[in-house]
Amino acid sequence: MLGFLKRGNPAARRPKAGAPIRADGALRKSVPARIAVFDGVTMGTTYQVRVALRADLDEAALSAAIFEAVDAVDRQMSTWKPASDLSRFNAAPVGDWVSVPRDLAHVVGTGLAISKASQGAFDMTVGAAVNAWGFGPVLDPVPDAGTGARTGAGTGAGTGAEMSAAPPDSRFGAVAPGPQDVPKDAPVGVWRDLEARMDPPALIKRAPMYVDLSGIAKGYGVDRICEVLLDRGLGDFLVSIDGETRACGRKPGVEGRWRVAIDRPDAAADGDRSAAGSAAGNAVDAWDVLEPEDRALATSGDYRRFFERDGTRYAHTIDPATGQAVQGGAASVTVMMRDCMTADAWATALLVMGPQRGVAIAQARNIAALFLFRERDGFRQVATGGILPSGPGATWDGGVVA
């Protein structure tokens with residue numbers, strides 16, 4: 001299966017119930033577990049870790065290790081940080097192999113495999129169009145509302161958290177970007193001209209491009225946090241970064257299973273939009289509840305970051321075939337897979353594919369996915385690949401699905 005972490009099967013390394021282990025692998029006397037919560041800021045959003053923790057474990061050291069793992073992903077893969085390894089690669093000349101950290105090469109290599117499998121629906125080379133639409137760190141000038149003159153709206157000054165939190169219409173002033181603002185020669189859909197190698201880890205571009213990993217890096221950040229927990233013999237946890245979530249083992253207590261609420265599109269836009277918020281019990285209007293036992297969940301949708309222009313909603317996801325912001329497709333697509341990096345990328349791909357092709361590909365590849373489509377009186381859901389929505393009356397950490 002595409003994109004599995006090369007560090008091995010997490011389930012194979014999870015300690016058996018009742019047999020916690022020390023760092024040296026020796027059995028340790030069982031100590032009752034409790035749920036500890038670690039959270040912080042990364043990639044312009046927040047992460048949250050809920051883990052069944054032994055009382056004798058050093059929480060401060062674990063918290064530092066969790067932050068270092070996710071911060072390393074941000075330092076390597078952010079387009080908002082001029083000094084990141086990805087920014088360094090984007091600035092490099094065409095035709096040169098650029099040495100990069102092994103994790104970055106791994107993520108790009110996995111992304112390229114998914115680009116091929118999705119026939120280009122998932123594409124990391126759409127960064128120029130992302131910027132032109134105002135969803136990236138580099139803002140192209142757009143017409144002034146009154147004069148039609150180019151205003152020079154900015155070049156991405158500020159931090160990722162500051163810039164990505166603002167919708168494009170507020171960042172550009174009076175006029176939000178539109179299809180006419182995407183340069184005709186914007187290099188998109190050129191993923192075949194991007195290559196990754198692992199020994200030694202390096203990337204090369206054989207044509208002009210701007211690589212953007214926003215459709216896969218957060219999922220990988222979730223996986224890296226999970227590795228930190230598993231490496232310390234912790235096997236029962238729920239990890240989230242924004243809308244990407246991964247569960248492992250069991251939730252201590254009577255319930256036994258980790259339950260994650262799926263946001264109801266639009267309602268979530270005004271509240272806590274993240275799966276982390278849903279899992280934590282924050283106020284979220286839940287559409288349904290899933291139990292991702294030893295699985296990851298990732299959601300892409302048109303309600304998280306978007307703007308409206310002339311009555312049309314434009315999502316932050318870019319269609320590589322056209323360079324245009326996705327519109328008129330699914331309100332959201334949630335994908336469940338073994339690892340979060342792969343689920344993250346496939347959620348993006350299925351959203352880009354549109355209603356008919358997205359569902360058909362999910363069915364053909366047996367991808368566990370939940371599609372939500374807007375209709376006049378609400379939403380219509382389509383489930384594929386054996387995903388099992390709980391339906392009305394299901395409970396989760398935040399309440400009850402209506």
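## Loops, helix packing and a ring pair

Asp-294 sits in the loop between β9 (286-290) and β10 (296-301). Asp-294 is not a glycine, yet its phi is positive, at about 55°. Helices (H or I, at least four residues) and strands (E, at least two) are DSSP runs, numbered from the N terminus.

This is a predicted model: local features need pLDDT of at least 70, side-chain atom pairs count only at pLDDT 80 or more, and totals for chains, interfaces and linings use all residues. Residues are numbered from 1 along each chain as its sequence is written, and side-chain values use heavy atoms, with hydrogens and water left out.

### The chain overall

The protein chain has 11 helices and 19 strands. It runs to 402 residues, of which 54% count as buried. Buried means under 20% relative accessible area, exposed means over 50%, and partly exposed lies in between (1.4 Å probe, protein chains only). Take the contacts between residues at least 6 apart in sequence: 66% of these join residues at least 24 apart. A contact here means heavy atoms within 4.5 Å.

### Other backbone features

A cis peptide bond links Asp-199 to Pro-200, with omega about -10°. Pro-200 belongs to the loop between β4 (194-198) and β5 (201-205).

Asn-366 is another residue with a positive phi of about 55°, although it is not a glycine. Asn-366 is found in the loop between α11 (355-364) and β16 (368-375). Arg-365 is also placed in the loop between α11 and β16. Arg-365 and Gly-385 stand 20 residues apart in sequence, and their C-alpha atoms are 8.1 Å apart in space.

### The aromatic pair

The structure contains one aromatic pair. Its partners are Phe-371 and Phe-373, with ring centres 5.9 Å apart and planes at 10°, so the pair is stacked. Rings of Phe, Tyr and Trp (its six-membered ring) pair if their centres lie within 6.5 Å; planes under 30 degrees apart count as stacked, over 60 as edge-to-face and the rest as tilted.

| Residue | Relative accessible area | Class |
|---|---|---|
| Phe-371 | 0% | buried |
| Phe-373 | 6% | buried |
| Arg-365 | 42% | partly exposed |
| Asn-366 | 58% | exposed |

### Helix packing

Two packed helices are described by the angle between their axes and the distance between the axes. Axes are lines fitted to C-alpha atoms, for helices over the stretch in contact, and angles run from 0 to 180 degrees between N-to-C directions.

**α2 and α8.** The axes of α2 (residues 59-77) and α8 (residues 217-231) come within 9 Å and cross at roughly 150°. The two helices are therefore roughly antiparallel to each other. Angles under 35 degrees count as roughly parallel, over 145 as roughly antiparallel, 65 to 115 as roughly perpendicular and the rest as oblique. The crossing of α2 with α8 is right-handed. A crossing is left-handed if the near helix is turned anticlockwise from the far one by less than a right angle, and right-handed if clockwise. From α2, the contact uses Leu-62, Ala-65, Ile-66, Ala-69, Val-70, Val-73 and Met-77; from α8, Ala-217, Tyr-220, Gly-221, Arg-224, Ile-225, Val-228 and Leu-229. By type, the residues of this contact are 12 nonpolar, one polar and one charged. Ala, Val, Leu, Ile, Met, Phe, Trp, Tyr, Cys and Pro count as nonpolar, Asp, Glu, Lys and Arg as charged, and the others, Gly among them, as polar.

**α8 and α10.** α8 also packs on α10, at an angle of about 165° and with the axes 7 Å apart. That makes α8 roughly antiparallel to α10. α8 passes α10 in a right-handed crossing. Ala-217, Lys-218, Gly-219, Tyr-220, Val-222 and Asp-223 of α8 make the contact with Cys-340, Met-341 and Asp-344 of α10. This set holds five nonpolar residues, one polar and three charged.

**α4 and α10.** The axes of α4 (residues 102-117) and α10 (residues 340-353) come within 10 Å and cross at roughly 40°. That makes α4 oblique to α10. The crossing of α4 with α10 is right-handed. His-106, Val-107, Thr-110, Ile-114 and Ala-117 of α4 touch Met-341, Thr-342, Ala-345 and Trp-346 of α10.
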